[in-house]
Amino acid sequence: MAEHKRPKWADWADHIRSLDDPAKNFEKPEALDDLVVLDLSSRSMAGPYCTSLLAELGAETIRVEPPGGDLVRTYSPNGFMHKGTGMAYLQEGRNKYHVTLDLEKEEGREILRNLVGQVDILVETYPTGTLDAWGLGYEDLVKLNPRLIFASITGYGQFGPDSGRKQYDYDNVAQARSGVQYATGEVLPEGKTRDEMPYATSTKAGPWIAWSTAGTFAALGILAALYYREATGEGQALDISTPEAYERLNDYMLHWYADKGVINERFGNLDTCLWLYGFFPTKDGGVFLGGLRLEMWKAFVDIIGKYDEWEADSWTTLAPFMKKDWQLKYQAMINPETVKYTSDELTHKSIDYAKSGRLAPITPVVAEIVAPWKTMQDEVWHDRGVFTPVQDPVYGSILCAQAQWKSTETPPRTKWVCRPVGYDNGFVYLKYLGFGPVKLKELADRGIV
Amino acid sequence: MAAVFKDYVKNKFARPGPLKGVRVLEVCTLLFGPSGPSFLAEMGAEVIKIELPPMGDVTRSLNPFGWFYKEQSPMFMHINPNKYYMALDLHIDLGQQIFKELAAKADIIEFNLRPGVTRRWNIGYEQVKEVNPGIIYIEKNGFGQWGLYAEQDRPSNDGAAQALSGYAWISSFPGRPPLKQAIWICDYYGGLMGEVAVLAALHHRRKTGKGQFIEMSQSENIMRAMSWVWPYQQLAQKGVEPAGNRDQCICPADTFLCKDGLLAAVAAPAPDEFLGLCKAMGKAELAKDPRFADHAVRLQDANALAILKIIADWARTVTADEVENLGKQYGFAATRLHNAVDMNEDPQRRQRGFVKEIDDPLYGRYVEHDFPVMMSKTPPKIKWTVRPVGFDNDFIMTKILGRNQTQLDELYLHGVLGRWKDQQGRRPPPDWDGQSGAIVRR
C-alpha cells in the first residue's frame, strides 16, 4: 500500500484525538458514578448487556445470581471455557460486582428487599409474573423505593395477550419473531428444493443482535427515566419485549404489507430498497459496494471501466436501478467485473478514485467482507482502542470489544471483564447490609448465598 | 406487574414523554444519523431536523422496488417521525449564524458528516461551545474523527460496517458466502447506541454543568455487539465461522423446517427447558443421555449436532404452530417464524400498541411501529410523520428566535432559509390541501 498522505484536515483529527483518545479514559470522570444498579438477569444476555452499558459509564452494578451461578456463564462455542467461564459472560460480566442470592427462599427475598431500598435501577429478565409471585414485582418494590427505575426485558412483555407465557427470552427465538429473519437469507432458485439447498432459507444474524438491541433500548429507556426522575423524584416501570425491540429496527416491511399487501421476501445479498448496495464477489472473497447517489454509482462503473460501454453519462436518475429486474440484470453484469480484482485492489481503486477519478472526490463505498479473525488483526481498530485488552486480576489479559463510542468528558471504559460466582459477596453484603463473615457463613450454610 | 400497565395504551397520551423540555438539533441524512434523534423525539424531546434546501435528506428518494407512499419514501417516514422540519443553507454565513443562534438554545446537537466538515462550516464543536458551553455534541460516521480509515476519507455505510466488522461473515450458513442482513442493522443499531451516549452525557451535565463531544463509528459500534467472538478468538486462537441458524453458544437453539413447510425457532438450554423439549418430542429419555447431560456437554460440537439432528427430524413430523404450542405447554422457548403478515395482524403487537395507526395531517392514516420501551409514568409515542423540506421554518424561526415575517421573507430571498424542490419526496403529498399540518399559516 502506498504511504499514507495525511489530509488537509489532519489538525482536526489530531485535535479531537487529543481530547477523546481512549488511552486517556481513566483520567476522566464517569457519567453514572452516582448510581447503583441491581441486575437480576436470568438466562438472557439482554439484561447483562444492558447493565454492561451502565457499568461502563460508572454505575455501581450488582449482579445477583442464584448460588450456582446463572446459566449464561455456560454460553460458549463448543463449550469452550476460560477459568470456568464461557466466552459470552467473559464479555458481559464487565465492571460488575457479583453476588449470589437464592430468591426462591423467603430469606433471600428479604435480603433483596433490603438492597432495593438502596439502589436506583433494577434490571430483570424473568418470565413475566415470576418476580410478582416472589413478592418482588414492581408494585411490591416501589413501596420500598418510589425512586426505583425497574426495567423488565422479556420475550412477551408485561401486558398483552401473550404476556402470560412462562417462557424465557432467547435471542434466536426473538430474531425469528421479529420479522427480520424471515426476510434475510439466500434466495432459493426456481426449480430447486429446500432439501437440495437447505441454506437458501430465512437466516438469522450470527451475533445476538436481538438481545443486544433489547438491552440497548432498555438502557436508553432507563437513562430517559433517570432524566425524568431527577426532575420529579418519581421512578417508574419499563417494559421491553426483545422481539419488539429488534423489530423496531426493521423499516418498511410493516407498512408495505398494510398498504400494498406485499410480504417482504428474501433478496440475498442485494437490497430491496437501495442501489448500488450489496455484496459482490472478488478474486479472493467479496466486497460490499455502496453508492446511494447517482454519481457514486457512475463512479463505480467508471472504476470497473464500463462507463462508456454502459453509457453511464446518459443516466439521469437512480430510480430505475432500484427495481428488482434492473438490480438482477446489473448484478449479473457487475459480478464478472469485480472477480477480476482482489478485495484489496478494489478498495484502493475507490480510495484513489476519490483523488483523481473523473467524478472525484465522489467515489463509491468499497469494503472488504472480512472474517472477524481479520477484523481483530486490523491495526486501525487497535489504534482506535477498540480491542485494547483488559488486564483482569482473575482472568488475565482478555481481549474484548471496548465501548461503542469515544468522548471528551465521560467516556465509557472497561475495568474488569468478569468475576467468579459470588466473588463479591463479602464486599457487597458488608457495604450495603453490614453482613460480616459470621453472618455470611450462616447464610451460605443455609444455601441463601 | 400487569397492574401498573393496566390501560397503558388507552392512557398513553395522558402523560408526557420522559424527555419533555430537551431540545435537539439534527443535521443528518440517510439512516445512521437521523434514526437516533428520532428515538429522542419519540420520548418527548423537541427535535429540529435541519436539511439543506431544496433537496434535503437523501432518504426521501429511497423505496422498496418502486413503492412510495403518497410520493414519500416509506423508509424516510419510518426513520424520521415527530420532528420539526427546517431547511437552512449551512454553506453560507447567514445560515451558519442562525444555526449558532439555535445551538445556543439547544441541549443536544447531532451530525453525520465526514470528519472536519462541521468546523469548515463554522459550526464545529469548539465553535458551538463558545455560545453554549453545556452543549452535548455528537458526530457519527463510518470510521470516527481520527485514525487511518477516517483520514483516507473513506465513505461508509451500513453494508460496509457489516462487511468490515465480521458481522456478515458469521451470519451465513457454513461454507456459504457471507450474508447481508435485510435491515440496515449497523445504521439503526448505531443510531440507537448514539443516544445512550447522549443521555448519559445529559445526566453528567445535570450534575456538573459540563457538556461534551462524542464520536461514534458504526463499525466499531457493531463490533461491541459481537460479544463472545473476540475473547473466543483470542483464547481459542481460532477464527469464528458461520453456523447458519444454529446459535453456537446455546444448545439446543436453532430454526427447524416443519411438516407444513413453515419454520419454527426453538431454544432449550436450561435443564427444565431441555427436559420439556424431550418430553414434547416423546423422547424423555434423551434428557438422561450422557451426551446431553448438561449444557456444557451438550455444546460440544458432536453432541450439539446430534441433538439438533434429532430435533430436526422430529420437527418434520409437526407443524410450526404445534412446535410453538408445545413450547408453551412444556416450558421451552419456541415460535413460528413471523413475517410482515404477523407484524400487521398479530393481536399481541396491536394490543400493546407497538403496532398502531398514525393519524397524520399530511399523510393521513397509516400503520407504524411505536417506540419499543413502554414506560409506566412517561409513555413514549409517535405522533406524526415526516414533513416536506423546510415545512416548519416559520414556526421554528418565530418560536425560538423571534423573527418576524419581514425578516423571514428576507432570509428566503437570500436563500438562507429554503423550501422543498417541486419533486417527489421533497414536496407535500399530492392530495395536500395547502394548509393541513402547517403550524404557522400565512
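**Before you start.** This is a predicted model: local features need pLDDT of at least 70, side-chain atom pairs count only at pLDDT 80 or more, and totals for chains, interfaces and linings use all residues. Residues are numbered from 1 along each chain as its sequence is written, while chains are lettered from A and ligands numbered from 1 in the order in which they are written.

**Select chain A.** Its C-alpha atoms fill a box of roughly 85 × 55 × 45 Å along the principal axes. Color by secondary structure to see 18 helices and 14 strands. Helices (H or I, at least four residues) and strands (E, at least two) are DSSP runs, numbered from the N terminus. Of the 449 residues, 57% count as buried. Buried here takes 20 or more other C-beta atoms within 10 Å of the residue's own, with C-beta atoms placed from the backbone.

**Go to strand 6 of chain A, residues 121-124.** Both faces are covered. Ile121(A) and Val123(A) lie on one side, Leu122(A) and Glu124(A) on the other, and all are buried. Strand 1 (residues 36-39) runs parallel to strand 6, joined by 3 bridges. Strands pair if DSSP finds at least two bridges between them. Find Leu38(A) opposite Leu122(A). Strand 7 (residues 149-154) is also parallel to strand 6, with 4 bridges. There, Ile121(A) stands opposite Ile149(A).

**Next, helices 2 and 9 of chain A.** Select residues 46-56 and 209-232. The two helices pack at about 45°, with axes 8 Å apart. The axes are lines fitted to C-alpha atoms over the stretch in contact, and angles run from 0 to 180 degrees between N-to-C directions. Which residues of helix 2 make the contact? Show Ala46(A), Gly47(A), Tyr49(A), Cys50(A), Leu53(A) and Leu54(A). Across from them, on helix 9, are residues including Trp211(A), Ala214(A) and Ala218(A). Contact means C-beta atoms, placed from the backbone, within 7 Å.

**Bring in chain B.** Here 154 residues of chain B are in contact with 158 residues of chain A. Which helix of chain B gives the most to this side? Select helix 8, residues 185-208, which gives 16 residues.

**Last stop: a pairing between chains.** Select strand 8 (residues 236-241) of chain A and strand 12 (residues 373-375) of chain B. They pair in the antiparallel sense over 3 bridges. Leu238(A) stands opposite Met375(B).

How values were computed
Contact = placed C-beta atoms within 7 Å. Buried ≥ 20, exposed ≤ 12 C-beta atoms within 10 Å, placed from the backbone.
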